[in-house]
Amino acid sequence: MAMKKILLVFTFGIFFSLNLYSQDLQIFNLSQQEFSSNNSILYISLSDIYRISSNPDSSALPLDLLGNDRDTVYPIITLDSNFRALFLACTGLSERHNVYLHDAIQSKTQIIPIHKLKSVAVLSIYYGDYYGSVETYDYQIGFEINPKFVENKMGSFTFIAFGKENPFAEKPLSPLIWEAISPNSDPILQAYLSSDSLIKTSFTNTHRFEIHNLSYYLADIENHMASARKLCVYDQISKNWIFDHNFLEGESASHTPIITSPDTEPNNVYQWTGDFFKNQPTMIFGMQYQSFGCPSFFTLEKNEKEIALNCDNRH
């Protein structure tokens, strides 16, 4: 069977939480691949936490379906009950867990029991039929999602979690709609720039966003090594800077657009902030596109914590 070009489409992000073990949140993305006009699949890849083994005693993929003949490559393999049980054991999941399909923009969650989902292995976007033989590494493994579970009104800013309890805070997030400012016109920013003793920073293309007691500042900064954009956040109650991070732009990452119009449709906004999860601090997401690697969430606190998306980027 001749393979056609594979199309990968993904939502802004997907969250995977193993509540059973009370681990830190692990984040995954939703993918869609089209192999032909009548052969496509919407699925969640868990390959970043379970790379399919090539050992026949421990592989959750039937190795006898792999071979050297390009005409016998299977783009989608549905796991039988034995391989499914091994896959669940390798990921720490069980049939008693649920999938929480969450639209963060609408603060709405759909709950799907895992036992209603097919376990599948999907040929990776990075495999080309010119390679000849297909190996276990060429597959992603996870769950197929029936498109009927993804409502038309659900936006592109969608997250998914697995577990016994819904981990989402289900509070409205705030799109970062920026106001262009001059650094000299803002006393808080002036004080920040004058107190920077490590390096004299020059801000250009400076913007501000305010919500509750927080003032967000975003600006391009001079850097002789790379193009950089600084994001810093000031707490007006504590009178402290609670977040300060430089986002570098290069071959592996580029900055997302700065949105300044309040009339922008939510699905066209790239940068969001708010309470994404229960019992977690305020976060910010969507500051960069990633070519090599995966985007991250950043907690808005002094000792910032970065939570990387597991996007199975095999570059």
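## Cavity

In this predicted model, the count comes to 1 cavity of 30 Å³ or more. The largest cavity has a volume of about 40 Å³.

Its lining is made up of His-102, Ala-104, Phe-159, Ala-169, Glu-170, Lys-171, Leu-173, Asp-275 and Phe-276. By type, the lining splits into 5 nonpolar, 1 polar and 3 charged residues. One of the lining residues, His-102, also belongs to a covered side of strand E7.

In E7, both faces are covered. Asn-98, Tyr-100 and His-102 are buried on one side. Val-99, Leu-101 and Asp-103 are buried on the other.

E7 pairs with E8 in the antiparallel sense over 6 bridges. Here Tyr-100 stands opposite Ile-111 of E8. The E7–E8 hairpin has 4 residues between the strands, and Ser-107 takes a positive phi near 55 degrees in it. E7 is also joined to strand E11 (residues 158-163), again by 6 bridges and antiparallel. Leu-101 has Ile-160 of E11 as its bridge partner.

## Ile-111 in strand E8

Ile-111 sits in strand E8, residues 108-113. Is Ile-111 buried or exposed? Its relative accessible area is 54%, and exposed means over 50%, so Ile-111 counts as exposed.

Ile-111 and Ile-160 are 49 residues apart along the chain. Their C-alpha atoms are separated by 9.8 Å.

## Ser-124 in a loop

Ser-124 lies in the loop between strand E9 (119-123) and strand E10 (139-144). Its relative accessible area is 1%; buried means under 20%, so Ser-124 is buried. A polar atom of the Ser-124 side chain lies 3.1 Å from the backbone nitrogen of Tyr-126.

## Helix H1

Helix H1 covers residues 81-91, with Arg-84, Phe-87, Leu-88 and Thr-91 buried. Seen down the axis, these buried residues fall within an arc of 100 degrees, so they line one face of H1. Asn-82 and Ala-89 are exposed on the other side.

Both ends of H1 have a local feature. At the start, a side-chain oxygen of Asp-80 reaches to within 3.1 Å of the backbone nitrogen of Asn-82. Just after the helix, Gly-92 takes a positive phi of about 75 degrees.

## Helix H2

Helix H2 runs over residues 187-195, and its buried residues are Leu-189, Tyr-192 and Leu-193. They cover an arc of only 95 degrees around the axis, which puts them on the same side of H2. The face turned away from that buried side carries Pro-187, Ser-194 and Ser-195, which are exposed.

## The five-strand sheet

Strands E13 to E17 form an open sheet of 5 strands. Their order is E13-E14-E15-E16-E17, and the pairing is antiparallel. Which strands stand at the edges? They are E13 (179-180) and E17 (240-249). Each has a single partner strand, so one side of each is left without a neighbour in the sheet.

Within the sheet, E14 (residues 203-211) and E15 (residues 214-221) run antiparallel and are joined by 7 bridges. Ile-211 stands opposite Leu-214 in E15.

Terms used
Residues numbered from 1 in each chain as written. Predicted model: local features only at pLDDT ≥ 70, side-chain atom pairs only at ≥ 80, totals over all residues. Heavy atoms only, no water. Pairing = 2+ DSSP bridges. Helix = DSSP H or I, 4+ residues; strand = E, 2+ residues; numbered from the N terminus. Buried < 20%, exposed > 50% of the residue type's maximum accessible area, 1.4 Å probe, protein only. Arc of directions from axis to C-beta. Polar contact = N/O pair within 3.5 Å; in protein donor to acceptor, adjacent residues only side chain to side chain. 1 Å grid on protein atoms, 1.4 Å probe; cavity = no way out; pocket = protein on both sides within 12 Å on 5 of 7 lines; lining within 4 Å. Points joined across faces, edges and corners; volume = space filled by probe spheres on them. Nonpolar A, V, L, I, M, F, W, Y, C, P; charged D, E, K, R; others polar.
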